Amino acid sequence: DGELLYLHSLNGKLLKKIYNVGKLSVLKLSQNDGRLLITAGHDGGITVRTLHLYSLRKIWRWQCPMPVTSLELTPRDEYLLIGLKDGTVLAVVFDMNNLLTDMCCGSLSK
């Protein structure tokens, strides 16, 4: 229904359900090891969540000026390319190791 995010095992077992995620337009896993889930929505918000222990904990959020239509990570997850509804493409430095370090040390706000 666009407001819930479900995480299932390969066997179909429900592992986690998150409410109020908004209407999502894009889902992307980090390429190196799939430890991060990146979502973007019609509201222009981009959220990075950890898949560690299936928590889907939010570790980073960024607001774009308009709806996001596509996301792509460059090889080695160095940059996040963001396609916007008006055709603009943004490139953001995506330091996955730094995000994970911050998450483990508790320095990121929830």
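1. In which strand does Tyr79 lie? Tyr79 lies in β8. Helices and strands here are DSSP runs numbered from the N terminus, a helix (H or I) having at least four residues and a strand (E) at least two.

2. The model is a predicted one, in which local features need pLDDT of at least 70, side-chain atom pairs count only at pLDDT 80 or more, and totals for chains, interfaces and linings use all residues. Residues are numbered from 1 along each chain as its sequence is written, and side-chain values use heavy atoms, with hydrogens and water left out.

3. The chain has nine strands and one helix. Read from the N terminus, the order of elements is β-β-β-β-β-β-β-β-β-α.

4. Of the 110 residues in the chain, 35% are buried. Buried means under 20% relative accessible area, exposed means over 50%, and partly exposed lies in between (1.4 Å probe, protein chains only). The chain exposes about 6,700 Å², and carbon and sulfur atoms supply 54% of that area. Accessible areas come from the Shrake-Rupley method with a 1.4 Å probe; for residues, only the protein chains shown count as cover.

5. Contact means heavy atoms within 4.5 Å. Among contacts in the chain between residues at least 6 apart in sequence, 30% join residues at least 24 apart.

6. Thr47 has Arg61 in β6 as its bridge partner.

7. A further open sheet consists of three strands in the order β7-β8-β9, with antiparallel pairing. Its edges are β7 (68–73) and β9; each has a single partner strand, so one side of each is left without a neighbour in the sheet. The twist from one strand to the next averages 20°.

8. β8 and β9 run antiparallel and are joined by five bridges.

9. Which residues form the nonpolar patch on the surface? Tyr79, Leu81, Val89 and Val93 do, with about 370 Å² of accessible area together. β8 (79–84) and β9 (89–93) are the elements that give two or more residues to this patch. Patches are made of residues with over 30% relative accessible area and no salt bridge, like charges being joined within 9 Å and nonpolar side chains (Val, Leu, Ile, Met, Phe, Trp, Tyr) within 5 Å. A salt bridge is a side-chain nitrogen of Lys or Arg within 4 Å of a carboxyl oxygen of Asp or Glu. Tyr79 counts as partly exposed because its relative accessibility is 38%.

10. Glu72 is placed in strand β7 and, at 36% relative accessibility, counts as partly exposed. Leaving aside neighbours within four places in sequence, Glu72 is in contact with Lys28, Gln31, Tyr79, Leu80 and Leu81. Glu72 and Ala91 are 19 residues apart in sequence, with 9.6 Å between their C-alpha atoms.

Note on methods:
Two strands pair if DSSP finds at least two bridges between them. Axes are lines fitted to C-alpha atoms, for helices over the stretch in contact, and angles run from 0 to 180 degrees between N-to-C directions.
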